[in-house]
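Subject: Structure handover

Hello,

Here is the structure I promised to pass on. Please look it over first, then read my notes below.

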Amino acid sequence: MFWAAGAAVLLALAAGIADRRRRLRADPDRVGFVDWRTVQMAALLATILLVSIGLHTR
């Protein structure tokens, strides 16, 4: 479970970087197809749940 939690943390970091790039781009009216904030929040929630399950099964 801890490996999956680590992967979720990496996904959250990547989504944070992508969201920052989207906010700072030169053409703010250009439409993106991924809502990076939602991806980041889902990855953080998955991290919390996976760590909780990992600690519970030890």
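Val39 sits in helix α2. Helices here are DSSP runs of H or I with at least four residues, strands are runs of E with at least two, and both are numbered from the N terminus. This is a predicted model, in which local features need pLDDT of at least 70 and side-chain atom pairs count only at pLDDT 80 or more, while totals for chains, interfaces and linings use all residues. Residues are numbered from 1 along each chain as its sequence is written, and side-chain values use heavy atoms, with hydrogens and water left out.

Back to Val39. Its relative accessible area is 25%, so Val39 is partly exposed. The scale runs as follows: buried is under 20% relative accessible area, exposed is over 50%, and partly exposed lies in between (1.4 Å probe, protein chains only). Val39 is in contact with Leu11, Ala15 and Val34, leaving aside neighbours within four places in sequence. Contact means heavy atoms within 4.5 Å. Arg58 is 19 residues from Val39 along the chain, and their C-alpha atoms are separated by 29 Å.

Next, Thr47. Thr47 also belongs to helix α2, which covers residues 36-56. Thr47 counts as buried because its relative accessibility is 13%. Its side chain reaches the backbone oxygen of Ala43 at 2.8 Å. That is a polar contact: a pair of N or O atoms within 3.5 Å, where, within protein, one must be able to donate a hydrogen and the other to accept it, and residues adjacent in sequence count only if both atoms are side-chain atoms. Thr47 touches Ala5, Ala8 and Val9, not counting residues up to four places away in sequence.

Now the charged residues. The structure holds three salt bridges. A salt bridge is a side-chain nitrogen of Lys or Arg within 4 Å of a carboxyl oxygen of Asp or Glu. Which residues do they link in a network? The members are Asp19, Arg22, Arg23 and Arg37.

Taking the pairs in turn:

- Asp19 and Arg22 meet at 3.0 Å, N to O. They are separated by about one helical turn because they are three residues apart in helix α1.
- Asp19 and Arg23 have their closest N and O atoms 3.7 Å apart. Both lie in helix α1, four residues apart, about one turn of the helix.
- Arg37 and Asp19 have their closest N and O atoms 3.2 Å apart. Arg37 lies in helix α2 and Asp19 in helix α1, so this pair ties together parts that are 18 residues apart in sequence.

Is Asp19 buried or exposed? Asp19 is buried, because its relative accessible area is 6%. Its partners read differently on that scale. Arg22 is partly exposed at 30%. Arg23 is partly exposed at 48%, and Arg37 is partly exposed at 45%.

Last, the surface. Leu13 lies in helix α1, residues 2-23. Leu13 is exposed, because its relative accessible area is 52%. Val9, Leu10 and Leu13 make a nonpolar surface patch of about 280 Å². Patches are made of residues with over 30% relative accessible area and no salt bridge; like charges are joined within 9 Å, and nonpolar side chains (Val, Leu, Ile, Met, Phe, Trp, Tyr) within 5 Å. Accessible areas come from the Shrake-Rupley method with a 1.4 Å probe, and for residues only the protein chains shown count as cover.

Best wishes
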